[in-house]
Amino acid sequence: MSLVRPQVAPPRPWTYPVAAEHLMGNGVRVLAHDLPGQYVLSLRVVVPTALSAEPPGKEGIAAMTARLLDEGTSAHDAEAFAELMERRGMVLGAGVSDGGLLVDVDVPKRHLETAAGLVREAVADAIFPETEVRRILRNRLAEIEQERASASHRAAKELARTLWAPGERAALPTGGTRETVGALTRDDLVEFHATSVGPQGATVVVAGDLTGVPVAEVLEGTLGTWSAPRHRQVPPPAAPVPAPDAARVVVVDRPDSVQTEISVGRPGPDRSTPHGWAPHPVISFVLGGSPSARIDAVLREEKGYTYGIRSAFRPRVAGGSFVTAGSVRSEVTGEAVEILLTILDGAARAGFTDDELRAGVDYVAKTAPGRYATADAVADETAALALERLPLDFTTRTLRALPGLTRDDLDAAYRRVARGEWTVVLVGDAGTIVPALEGRVAGPVVTVDL
Amino acid sequence: MPLDYPIHRRTLPNGLRVVVSPDHTVPNVTVNLWVGVGSRHETLGRTGFAHLFEHLMFQGSRNVRSGEHFEALMAEGGRLNATTWFDRTNYFETVPTGAVELALWLEADRHGHLLDAVTQENLDNQRDVVKEEKRQRYDNQPYGTALIDVYAAVFPEGHPYHHPTIGSMEDLDAASLADVHAFFRRYYAPDNTVLTLCGDITPDAGFELVERHFGGLPSSAGKARAHHAQLEPITEPVRVDRHEVVPNDRLHIAFRLPVDETDEFLAAAVALDCIGGLGTSRLVKRLVRREQTALGAHATAWGLVDGASLGFVVLDVAPGVDAATVEAAFAEELDAFLAGGPTEVELEASLAQSERSWLSALASQEERADLISHHLLLHDDPEVVNTHLDRLRAVTAEQVVAAAHRWLRPQSRAVVAYLGSEDAADENSEDAGSEAVA
């Protein structure tokens with residue numbers, strides 16, 4: 001017995017949670033989201049910086065500074081600090097993007113004050129002990145080797161190097177290279193921390209069940225006392241300039257690989273684009289966001305060449321990219337690349353369909369309440385808004401723009417990016433791949449070592 | 001803070017066990033099904049089949065064309081997937097409240113009437129997709145096949161956990177449409193399935209909808225076999241060395257553990273936390289921070305039901321350091337732990353980290369639904385979501401020591417070592433540049 005397919009009732013209107021805003025005595029902005037039932041609180045500290053302001057030859061210094069924040073402070077050595085965090089169920093991560101430094105903490109509700117105190121200690125009083133500096137830098141060098149061994153990491157690195165102009169910070173890994181990390185000293189890190197990490201322009205986000213939590217009081221007594229006399233803000237980053245010869249095919253030789261990692265990219269917008277952000281996630285979904293999307297409908301469901309290939313716009317604080325990435329078995333690389341580029345160019349030529357527009361808009365709009373349902377996810381999005389210098393109603397406004405999108409909006413947004421010229425990076429067995437590309441891709445094919 | 005996530009439970013006449021757990025904070029409902037079949041049910045020559053079958057569940061059923069399950073739900077704002085593991089297969093979607101009945105209709109169509117639509121073409125296509133999944137996640141990754149070696153080293157041939165869920169590609173090649181039909185009839189039925197609705201729905205509405213769509217499916221699963229008896233610890237160390245091109249040597253040190261949801265398993269998991277699972281574990285302090293012979297140390301305990309669980313420590317050996325030195329230090333730390341037991345601080349840290357990670361999992365409606373289905377299917381106790389932390393708090397230092405003495409002795413370890421080949425090692429020492437910084 002089967003029943004008739006049920007009708008779907010339309011969802012209720014939904015808006016992104018509104019944060020309570022508060023400015024602390026030291027100028028740090030606090031954004032608090034009270035989310036009942038979310039017993040693990042998420043705390044984020046956003047310090048605007050610009051990766052492009054790293055000293056030349058010392059690229060990676062911002063990321064290494066972030067990693068060393070909790071590896072020894074004026075009050076606690078690295079082990080003692082780790083133990084204090086762990087006994088309170090706290091977990092801390094810190095990293096950087098092109099436009100800022102982000103500290104990321106999750107902690108059970110009752111330990112918020114301890115956590116906020118430890119975060120203040122990390123951002124304000126990190127002392128960069130020589131032994132910890134040596135260890136973290138050495139681990140980064142080992143990590144570079146691990147990233148080289150991973151086809152997807154290696155592809156991402158080569159794509160950045162090929163897509164952006166030489167000398168652009170975006171062309172290098174965020175965590176730096178063997179040469180630049182090898183050039184760092186403790187003094188460099190101490191100086192960078194003193195001048196680049198401070199409360200000016202900083203935002204603290206706290207999200208979770210705040211019932212009975214005196215948020216303002218707790219934060220004033222901890223992160224509200226953060227000062228950094230030598231801290232000076234730098235201008236926000238500019239969008240990276242594409243390489244003049246970005247439109248080419250680079251094969252990274254990874255002998256005996258059973259698959260080829262494919263990465264196809266183009267420069268793209270950041271979320272503040274004057275054309276509006278709303279069409280971009282819809283395009284990502286329609287082209288490469290599901291097994292039924294244009295790419296996987298052919299390469300996975302029809303041909304069985306891949307486990308899945310995804311397309312997505314990747315906004316930075318300034319500028320961004322549109323990247324399609326995934327892996328196919330080595331023997332079919334030539335055909336798969338040709339099909340993939342045909343699909344990507346075909347969408348620009350012929351545009352999207354009404355069905356695609358509707359399905360994509362519905363997916364992006366209707367998944368929003370679930371995508372932002374946890375303290376963690378809300379804290380991440382609000383911290384991203386702060387980092388990207390976007391207004392706090394950005395998320396809701398973008399969602400509201402979705403139902404009004406037309407095929408023309410999608411086509412125009414995609415055509416601003418897809419111009420028939422792609423940066424194609426293939427990581428795999430060059431001996432198999434290179435001959436198979438002949439006649440299938442335009443222009444020369446360059447092979448580089450792993 | 002005692003947890004009180006609501007658990008409303010009912011069993012349909014056809015054997016389908018259902019839980020509705022209302023939570024109206026988000027206008028979404030998660031539909032989560034666990035089917036009592038995983039790779040542990042596979043027999044020699046038929047490995048990987050449960051997982052391949054899971055893929056076929058998206059290729060159409062009586063009233064649903066191939067791919068439509070994904071398309072129909074995503075277009076309504078659904079986020080969905082399915083996974084296969086040793087002990088079970090799960091299917092899940094989180095949808096806006098108004099689409100929950102569509103989700104149940106789609107699930108009932110494939111869980112009741114898959115075979116009307118399965119074709120040789122779909123089987124061949126998804127077999128290719130699964131092969132690419134294996135290449136991507138195992139064969140083309142450094143250390144990608146290490147856990148497959150671990151399973152084979154820890155569990156004897158013929159044991160349910162001896163082979164990985166992804167299975168062998170030769171076995172997949174041998175799979176026929178007849179196998180698909182037999183497998184569906186044997187395992188896919190309401191009396192071998194549980195269903196959880198978690199989110200913006202009342203118990204009455206939830207039970208009514210499940211009854212409407214699943215009530216008509218026949219209880220037809222074959223009789224479940226009894227679980228294997230508890231496997232005793234290994235008595236002599238087992239060793240597997242793989243010489244491969246890897247960025248640095250890596251040791252996987254594994255142990256058999258007691259089955260899940262026993263006091264002894266919880267105690268053994270705490271012991272592993274103290275030894276290598278915490279950010280302040282003994283191995284991290286000594287090998288990563290002080291001696292700096294390892295780049296990282298991690299430990300995990302996977303609770304399983306069929307005669308054993310699995311615990312393992314992963315040690316990334318620092319470039320230029322002999323893996324044997326690191327393994328010897330590991331054995332020393334293990335001996336010291338067996339002799340002295342956990343410190344109060346270690347127990348406090350283990351409990352605090354377990355508490356945060358449990359609460360974080362429950363914070364998401366999707367994961368909460370999955371945990372409810374998990375404990376409903378495998379332990380017939382969905383209340384575990386509320387009681388687990390109380391059980392963890394009750395674990396004593398004595399229990400931890402006793403569990404470690406029984407399960408985590410050095411002679412009970414199986415070591416899978418991924419070692420750079422001679423050529424690769426030369427290249428690494430030159431490229432790693434550790435001297436330049438040190």
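The contact between the two chains, where contact means heavy atoms within 4.5 Å, takes 78 residues from chain B and 80 residues from chain A. The structure is a predicted model, in which local features need pLDDT of at least 70 and side-chain atom pairs count only at pLDDT 80 or more, while totals for chains, interfaces and linings use all residues; side-chain values use heavy atoms, with hydrogens and water left out. Residues are numbered from 1 along each chain as its sequence is written, and chains are lettered from A and ligands numbered from 1 in the order in which they are written.

Between them, chain B and chain A bury about 6600 Å², of which 54% lies on carbon and sulfur atoms; buried area is the accessible area (1.4 Å probe) that two parts lose on being put together, summed over both. Eleven salt bridges are counted between chain B and chain A, a salt bridge being a side-chain nitrogen of Lys or Arg within 4 Å of a carboxyl oxygen of Asp or Glu. A:Arg329 and B:Glu132 form a salt bridge through their side chains, with an N to O distance of 3.0 Å. On the side of chain B that touches chain A, the elements giving two or more residues include α3 (100-113), α4 (120-139) and α12 (344-363) of chain B, helices being DSSP runs of H or I with at least four residues and strands runs of E with at least two, numbered from the N terminus. By class, this side of chain B has 28 nonpolar, 25 polar and 25 charged residues, with Ala, Val, Leu, Ile, Met, Phe, Trp, Tyr, Cys and Pro counted as nonpolar, Asp, Glu, Lys and Arg as charged, and the others, Gly among them, as polar.

Within chain A, helix α9 (residues 279-288) packs against helix α16 (residues 407-417) at an angle of about 85 degrees, with the axes 9 Å apart; axes are lines fitted to C-alpha atoms, for helices over the stretch in contact, and angles run from 0 to 180 degrees between N-to-C directions. The angle makes α9(A) roughly perpendicular to α16(A), a term that covers 65 to 115 degrees, whereas angles under 35 degrees count as roughly parallel, over 145 as roughly antiparallel and the rest as oblique. Among the residues making this contact are A:Ile283 and A:Leu287 of α9(A) and A:Leu410 and A:Tyr414 of α16(A).

Over all chains, the structure holds 76 salt bridges. One joins the side chains of A:Arg44 and A:Asp104 (3.4 Å, N to O), linking strand β3 (residues 40-48) with strand β5 (residues 100-108) of chain A across a separation of 60 residues.
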